[in-house]
Amino acid sequence: MKSPLKKLFAFSFVSRYRFSLIFYMSVFWTVVDFIIVLTRPEPAYYSFASAILLRSVLIFCMSLVIGYVLVFKLKRLFRNRSLAVSFVFRSGILFIAAFIVNYLIHAANIIFILHLSVGEALQRYGQDAFHPLWLTQKIIYWMALFVFTQLIIEVNEKYAPGVFMDILLGKYLEPKIERRIVMFIDLKDSTPIAEKLGHQQYFKFIREFIYQISNALIEHGGSIYQYVGDEVVVSWLFEKKNTRKCMDALIEARKNLQKRGEHFRRRYGLIPEFRVGIHLGDVTVGEIGVIKKDIAMSGDTMNTTARIRSACSELNQKYIVSLDFRENVDLKDWQTESLGIVELKGKNHGIELFSLKI
């Protein structure tokens, strides 16, 4: 068991990702500001190395605060707004914060470097801050920086953490064969649910269903490959610890839906359930696309996993795994039950499948 201290400082995968994003964002802003200070005429006190160091430390600390507000607070506040509206409002809020940061930097240099009083710092800042040229430069600088940062965050989250960097660095320009755990999840009884709810309500239902499922998958390190209707395809690089993460993600996805059960019942009149197929094997991973680029996975493992998921309906099971996966995950004998050798559509030979009892 974890000690109380470890529990206190235990962060979820999503939180760790966001905190690392804030850190890298702060480093980026600090480096950009440092370069601009060195290459652009600034007040005389910036000729002191101590002034530049003080400025960099303040910029980094303030960037951590602004980054936290941007990634945690504003992201949640504008989650249900359009990207354009979110951009405008977030940039406006960040711009106000930037003026406060500029004042603190200006005041700190005047007080600690030039050794003037707080009143004189306010006066000097008032003269500089509302000078048309200075004001125009700062507006352009901060708005460009904020818009660029937000674009990078949105693009990175669009591709899922890490995938954008793989595309940027060309990791998969040449296809690679990787051994992966692959999971296909889809909504149980989707057709009758769609008929009952109608188009718009069904879409909202699917969106909430996938949101709860995705949170659990990402929380346990899953790399979401794609969403297709009510289906989620996710994978993990094959490591012993990731087989356990895969199972933990499945269990947490079920818990998430159970916790939101009353909400689903009130709003839609039913609680969603899902079916799962899990397999382990080699997949070919590579970059595809011309105008819209993405990372694609193909191969027999992907096809087999899709067939295993389909077998859930045919065999009246919720969760089915292949023999290859079962042999690599730490489960008790009673937690799985053999379904025998099953002939899967499109496969020349049957494979042994197991139902999960979790």
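The exercises below concern a predicted model, and each is followed by a worked solution.

**Exercise 1.** Find which residues form a nonpolar patch on the surface, and decide whether Leu 38 is buried or exposed.

Solution. 
- Step 1: The patch consists of Phe 23, Tyr 24, Val 27, Val 31, Phe 34, Ile 35 and Leu 38.
- Step 2: Together these residues have about 650 Å² of accessible area.
- Step 3: Leu 38 belongs to helix H2, which covers residues 13-39.
- Step 4: Exposed means over 50% relative accessible area. Leu 38 has 51% relative accessibility, so it counts as exposed.

**Exercise 2.** State how many salt bridges the structure holds, and work out which parts the pair Asp 33 and Arg 55 ties together.

Solution. 
- Step 1: The structure holds 14 salt bridges.
- Step 2: In one of them, the side chains of Asp 33 and Arg 55 meet at 2.7 Å, N to O.
- Step 3: Asp 33 lies in helix H2 and Arg 55 in helix H3 (residues 49-77), so this pair ties together parts that are 22 residues apart in sequence.
- Step 4: Both Asp 33 and Arg 55 are buried.

**Exercise 3.** Describe the salt bridge between Glu 231 and Arg 309, and say where its two residues lie.

Solution. 
- Step 1: The side chains of Glu 231 and Arg 309 meet at 2.0 Å, N to O.
- Step 2: Glu 231 is in strand E3 (residues 231-237) and Arg 309 in helix H12 (residues 300-314), so the pair links distant parts of the chain, 78 residues apart.
- Step 3: Glu 231 and Arg 309 are both buried.

**Exercise 4.** Locate Asp 189 and Asn 316, and give the phi of each.

Solution. 
- Step 1: Most residues other than glycine have a negative phi.
- Step 2: Asp 189 has a positive phi of about 60 degrees. Asp 189 sits in the loop between strand E1 (176-187) and helix H8 (190-197).
- Step 3: Asn 316 has a positive phi of about 55 degrees. Asn 316 is in the loop between H12 and strand E6 (319-322).
- Step 4: Asp 189 is partly exposed at 47% relative accessibility, whereas Asn 316 is exposed at 67%.

Terms used: Residues numbered from 1 in each chain as written. Predicted model: local features only at pLDDT ≥ 70, side-chain atom pairs only at ≥ 80, totals over all residues. Heavy atoms only, no water. Patch = residues over 30% accessible without salt bridge, like charges linked within 9 Å, V, L, I, M, F, W, Y side chains within 5 Å. Areas by Shrake-Rupley, 256 points an atom, 1.4 Å probe, with all protein chains shown as cover. Salt bridge = Lys/Arg side-chain N within 4 Å of Asp/Glu carboxyl O. Helix = DSSP H or I, 4+ residues; strand = E, 2+ residues; numbered from the N terminus. Buried < 20%, exposed > 50% of the residue type's maximum accessible area, 1.4 Å probe, protein only.
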